[in-house]
Amino acid sequence: KMPVRLHQQTLKTLAQLHMANDDFETAKNYCEQVVAIAEEPNQQDYALLAQAYYKLELWSEALEAAQVSFGSGFAACERSISRALSQETTSFVDTQ
């Protein structure tokens, strides 16, 4: 059986590869597995998950994962993240 840390690192690598290939759904699935199996998921795990959610336009999930990633420093970044998400949503609506 593969050690948990090695399994986690392998899943994270797969997530990063899929992100680089714009396969955000598969990357999201790997990121969710990383967070689920980690004894203590770190900020980078949640940041990658937030990025996958963001690319899939899953705004509330992206914001929640970003909040976990930023931890106590999130309050300082919340306005800029919300503003960026709002701009993305507005841009999307304007193109429809």
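Which residues does Gln8 touch, not counting residues up to four places away in sequence?

1. Gln8 touches Val34, Ile37, Ala38 and Asp45, leaving aside residues up to four places away in sequence; contact here means heavy atoms within 4.5 Å. Before going further, note that this is a predicted model, in which local features need pLDDT of at least 70 and side-chain atom pairs count only at pLDDT 80 or more, while totals for chains, interfaces and linings use all residues. Residues are numbered from 1 along each chain as its sequence is written, and side-chain values use heavy atoms, with hydrogens and water left out.

2. Gln8 is found in helix H1 (helices are DSSP runs of H or I, at least four residues, numbered from the N terminus). Gln8 counts as buried because its relative accessibility is 5%; buried means under 20% relative accessible area, exposed over 50%, and partly exposed in between, with a 1.4 Å probe and protein chains only.

3. The buried residues of H1 are Gln8, Leu11, Lys12, Ala15 and Met19. Seen down the axis of H1, these buried residues fall within an arc of 100°, so they line one face of the helix; the arc is that of the directions from the helix axis to the C-beta atoms. They pack against helix H2 (24-37) and helix H3 (43-55).

4. H1 has 17 residues (residues 4-20) and should span 24 Å at 1.5 Å a residue, which agrees with its end C-alpha atoms being 24 Å apart. The expected span is 1.5 Å times one less than the number of residues. After H1 comes Asp22, whose phi is positive, near 60°.

5. Now to the core. The largest nonpolar core has 15 residues, and those with the most contacts inside it are Met19, Cys31, Tyr46, Leu48, Leu49, Tyr53 and Ala65. Such a core is a set of buried Ala, Val, Leu, Ile, Met, Phe, Trp, Tyr and Cys residues joined through side-chain atoms within 4.5 Å. The elements giving two or more residues to this core are H1, H2, H3 and helix H4 (59-70), and H3 gives the most, with six residues.

6. Leu48 touches Lys12, Ala15, Gln16, Met19 and Cys31, again not counting residues up to four places away in sequence.

7. Finally, a search of the whole structure finds one aromatic pair. The rings of Tyr54 and Trp59 have their centres 5.5 Å apart and their planes at 70°, so the pair is edge-to-face. Rings of Phe, Tyr and Trp (its six-membered ring) pair if their centres lie within 6.5 Å; planes under 30 degrees apart count as stacked, over 60 as edge-to-face and the rest as tilted. Tyr54 counts as partly exposed because its relative accessibility is 28%, and Trp59 counts as partly exposed at 22%.
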